[in-house]
Number of protein chains: 2
Amino acid sequence: MIPLEVKPTGNTEQFNLQQYLHQKKEKIEKALDASLPIGEPAKIYEAMRYSLLAGGKRLRPILCLATAELLGQTEEVAMPTAIALEMIHTMSLIHDDLPAMDNDDYRRGRLTNHKVYGEDIAILAGDGLLAYSFEYVAKNTTGVPPERVVKVLAILGEAVGAKGLVGGQVLDLEYEGKPDITAEMLTSIHRRKTGALLEACVSCGAVLAGAQPEDLQRLSGYAQNIGLAFQIVDDILDVTATSEELGKTAGKDVSAQKATYPRLWGVEVSRQKARELVDAAIQQLSFYGEKAIPLCAIAEYIVSRKN
Amino acid sequence: MIPLEVKPTGNTEQFNLQQYLHQKKEKIEKALDASLPIGEPAKIYEAMRYSLLAGGKRLRPILCLATAELLGQTEEVAMPTAIALEMIHTMSLIHDDLPAMDNDDYRRGRLTNHKVYGEDIAILAGDGLLAYSFEYVAKNTTGVPPERVVKVLAILGEAVGAKGLVGGQVLDLEYEGKPDITAEMLTSIHRRKTGALLEACVSCGAVLAGAQPEDLQRLSGYAQNIGLAFQIVDDILDVTATSEELGKTAGKDVSAQKATYPRLWGVEVSRQKARELVDAAIQQLSFYGEKAIPLCAIAEYIVSRKN
């Protein structure tokens, strides 16, 4: 069991999560910036960059890099895929925020893409980021056999499509205004809307490292557990945090009559379930011993985060 | 020079384009239908299938298959990529038709996707098709070295993104209501909006066949010429054909104050330019002799089509 080791102890030999996340995030920000120079027509590149470089936790690329490194792959080899995962995540935020969908004006403390560039450009910026994510992986991944790159691209496609993100968003729209669905139904929405891409982060990192089927099984278990914990915490924060803390409109789930875990279980039980899921995620990685400390610490972070 | 040979002569030993297109289209329709079975939630799969299986000339997949076969590759190996190209084309039509973009009610003689399923689902159906196109190629292409699959995925991504389709649509939106742009500017829009994907059809087919750089150069030349000819003929048909013939609103370019080739050059000169481009496209393939007859006949078809 690793949990004890990942708790901050003040001992400098212990793992410092804040520093780890900060270092990874810095490298990712640089790589994101370099990945998409302004081209012609400038407007579409600016719109894509506006949302791609709007900050955020960069949790998805970090998960990809950390998983690749756990299994002995270098950060350099996994970076193009990590960047692509953030492009995909950004695309899903741009499209979800559109007036025809969730109709959000703010995201990460700034105006949403369509509020700045118009709906037409926002739709196209999302399309552009999605297409570019695949192109970017295909063109920039070096140092691994090409069959691994093909596998990564298949995983990315499946995570975004109707079996993943897109299907999850459709379910989410269908159940809006029907807040009394069961926990099972709610979980099936989130497994796709949030879980599929988080699992893809881990699976892609693992595939790039030449993971064995047992590795993929353990890591998928880890990802599914943290994915659900992440969503539960998101729902809790929507109730307990302010809009300023979140960088987006708080209390939106309640006003949109959305089914949420706090609504189903109450805040305290929701917190407890998130904690259990994170413990289960960490348990999945016990096989890897100390090498899994970064991934375990990320799981801890997911449940303790404030935004 | 091949043009004389591809004209219908009644001789059964001569190439029969109608039959060729019909046979290819039938196989493609079957493969498209099989590529996307209904899953959960049914609504998104139905929306994706509604537009994907709405008919059309299937010119893009046919170009991909014909190019692969010209260079000695089998139809079977190229089919997943051919299908993906049609998914991408369909996605671009769904998103272009949205109220925030060209705001079209009819496409291929039927209501547009958002008129049937709503804007939210139409946006997601496009996203789902785009993501699935990459997944489909990555999972279903067999019988070629994986580096060719990676190259195909890179070509597809680039053709859709800001350098291709997406950038072309942005330029098109920017120049709406400004019908007096130069022929050079108009051509630069269409090279991306129509040309990039047509060129990708040919390039992907070639890459799957293990094309040499000289092959790619010749075939790109062919594709660029037919791409532009295709757009000129589209513009001419918007003026000369009825909505019924087109399956979409005719005369839309004039009412939307769009720059078009007939507006710049008049209908007759436009026809002549299209003819010259097709001749140049056919000339690019003279190296391949009789093996290039299908691609030459497709070029002829592009300039003589009625919808």
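A residue is taken as buried if 20 or more other C-beta atoms, placed from the backbone, lie within 10 Å of its own. The model is predicted, and local features were considered only at pLDDT of at least 70, side-chain atom pairs only at pLDDT 80 or more, whereas totals for chains, interfaces and linings use all residues. Residues are numbered from 1 along each chain as its sequence is written, and chains are lettered from A in the order in which they are written.

By the burial criterion, A:Arg58 is buried, with 22 other C-beta atoms within 10 Å. A:Arg58 has a positive phi of about 60° although it is not a glycine, and is found in the loop between helix 3 and helix 4 (59–70) of chain A; helices are DSSP runs of H or I with at least four residues, numbered from the N terminus. Most residues other than glycine have a negative phi, and most peptide bonds are trans. A cis peptide bond links A:Glu40 to A:Pro41, with omega near -10°. A:Pro41 lies in the loop between helix 2 (17–35) and helix 3 (42–52) of chain A.

The contact, defined by C-beta atoms placed from the backbone and lying within 7 Å, takes 43 residues from chain B and 43 residues from chain A. Helix 7 of chain B provides the largest share of the side of chain B that touches chain A, 14 residues.

Key
Two residues are in contact if their C-beta atoms, placed from the backbone, lie within 7 Å. Helices (H or I, at least four residues) and strands (E, at least two) are DSSP runs, numbered from the N terminus. A residue is buried if 20 or more other C-beta atoms lie within 10 Å of its own, exposed if 12 or fewer, and partly exposed in between; C-beta atoms are placed from the backbone.
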